[in-house]
Structures are given as structure tokens and as C-alpha cells.
Amino acid sequence: MHAISVDFGNTPSVLAALADESNAQLVVNAAAERYVLDTLEWISAGHAFTSRTGKLEQSINWHPAGDGGAVIYASAEYAEYVEKGTGTFAGHEPWVISSKSDRNGQKNPAGGGYVIVNQVNHPGSRPFPYFFADLDNRQAHMQQAGLSVLASRLTGL
């Protein structure tokens with residue numbers, strides 16, 4: 001698990017507001033929601049991968065951690081493979097893909113035509129960073145979201 005921290009400053013009014021656990025949790029919630037939105041915007045803008053089904057995007061969410069923090073996650077079973085890549089791109093060996101029968105081989109272009117083979121060495125998929133991409137901007141947006149919540153809480157007190 002990775003931790004992302006955001007500095008909300010150390011002025012007395014901010015520190016006093018954050019000392020109240022309910023205020024602190026509201027700030028964290030706003031920051032987590034902003035991170036999820038930034039991640040989805042990053043994907044939507046085409047900076048990561050082209051979505052086929054939308055399942056990965058739908059799996060990105062957050063929940064309060066119960067300790068004044070929040071957990072931001074992508075629950076699609078293949079989320080980490082998209083982020084980090086697979087095979088040689090992730091520091092692993094290529095793997096063999098075999099056809100299920102002798103009649104259904106892999107069609108590969110070769111010399112102006114095609115060659116049918118029964119197995120290939122798959123090198124893996126390159127990474128498409130989306131979750132930890134653009135962290136500096138995401139941290140700034142998280143800070144803005146948290147400070148906005150703090151400002152509304154301080155003016156309402």
C-alpha cells in the first residue's frame with residue numbers, strides 16, 4: 001500500500017480545526033474524493049489507456065479508513081497489471097500462449113502473408129500508469145479540496 005500525504009499548513013486556526021476529528025475526517029474525505037475524480041479525469045483525457053468496457057474506471061473508489069485517513073483503490077482484478085504492466089515490462093519472463101487445438105493456431109503476419117503457429121512467447125503488456133500518475137497535481141488538488149472544506153467549517157463556527 002502507498003501513502004499519499006498532503007500538507008494543510010500549520011496556522012493556529014487550521015491546526016485547531018484539524019484537532020476536531022470530525023473536521024479532520026471531512027478534510028480527508030474531500031481529498032480522497034478529489035483524488036478519485038482526478039484519476040478518472042486522467043483516464044478520460046486519454047493519458048493512460050483506452051477503456052473498452054469502463055470496468056476499471058467503475059472500480060476506482062475510496063472509503064474512510066476509520067483512523068482519520070482514507071483508502072483509495074481500484075478493485076478490478078487486473079488494475080495492478082494495467083498500472084505496472086506485465087511480463088518483461090514488469091521484470092518477469094515472457095510466457096507461452098498455446099492454441100487449444102492443432103486446428104486453431106495463432107495467426108501471425110509474415111512476409112506479406114500469414115503463418116499459423118500453435119504457440120507464441122508473449123512478452124507482456126506495457127504499463128499504462130493511471131493511479132499514481134501526475135501525483136504533484138493530484139496532491140495540489142487534494143490540498144485545495146481539503147482547504148475548501150476547512151474554510152467552510154471555520155467560517156461556519
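How many aromatic pairs does the count come to? In this predicted model, the count comes to four aromatic pairs, and ring pairs join Y35, F49, Y130, F131 and F132 into a cluster.

One of these pairs is formed by F49 and Y130, whose ring centres lie 5.7 Å apart with the planes at 90°, so the arrangement is edge-to-face, the angle being over 60 degrees. This pair connects distant parts of the chain, since F49 belongs to the loop between α2 (21–44) and α3, while Y130 belongs to the loop between β6 (119–122) and α5 (135–156), 81 residues apart. F49 has a relative accessibility of 13% and therefore counts as buried, and Y130, at 1%, likewise counts as buried.

The rings of F131 and F132 also form an edge-to-face pair, because their planes stand at 80°, with the centres 5.0 Å apart. In terms of accessibility, F131 is buried at 11%, whereas F132, with a relative accessible area of 30%, is partly exposed. Y35, another member of the cluster, has the charged end of R138 over its ring, 5.3 Å from the ring centre.

F49 leads on to the second largest pocket, where F49, T50, R52, Y78 and V82 are the residues nearest the centre among the 16 that form the lining. The elements that contribute two or more residues to this lining are α3 (55–58) and α4 (79–84), and α3 gives the most, with three residues. The pocket has a volume of about 390 Å³, and its lining divides into six nonpolar, six polar and four charged residues.

How values were computed:
Residues are numbered from 1 along each chain as its sequence is written. This is a predicted model: local features need pLDDT of at least 70, side-chain atom pairs count only at pLDDT 80 or more; totals for chains, interfaces and linings use all residues. Side-chain values use heavy atoms; hydrogens and water are left out. On a 1 Å grid over the protein atoms alone, a cavity is a set of points where a 1.4 Å probe fits but cannot get out, and a pocket is an open set with protein on both sides within 12 Å along at least five of seven lines; lining residues have an atom within 4 Å of a point. Grid points are joined across faces, edges and corners, and a volume is the space filled by probe spheres set on the points. Helices (H or I, at least four residues) and strands (E, at least two) are DSSP runs, numbered from the N terminus. Ala, Val, Leu, Ile, Met, Phe, Trp, Tyr, Cys and Pro count as nonpolar, Asp, Glu, Lys and Arg as charged, and the others, Gly among them, as polar. Rings of Phe, Tyr and Trp (its six-membered ring) pair if their centres lie within 6.5 Å; planes under 30 degrees apart count as stacked, over 60 as edge-to-face and the rest as tilted. Buried means under 20% relative accessible area, exposed over 50%, partly exposed in between (1.4 Å probe, protein chains only). A charge sits over a ring if NZ of Lys or CZ of Arg is within 6 Å of the ring centre and within 35 degrees of the ring normal.
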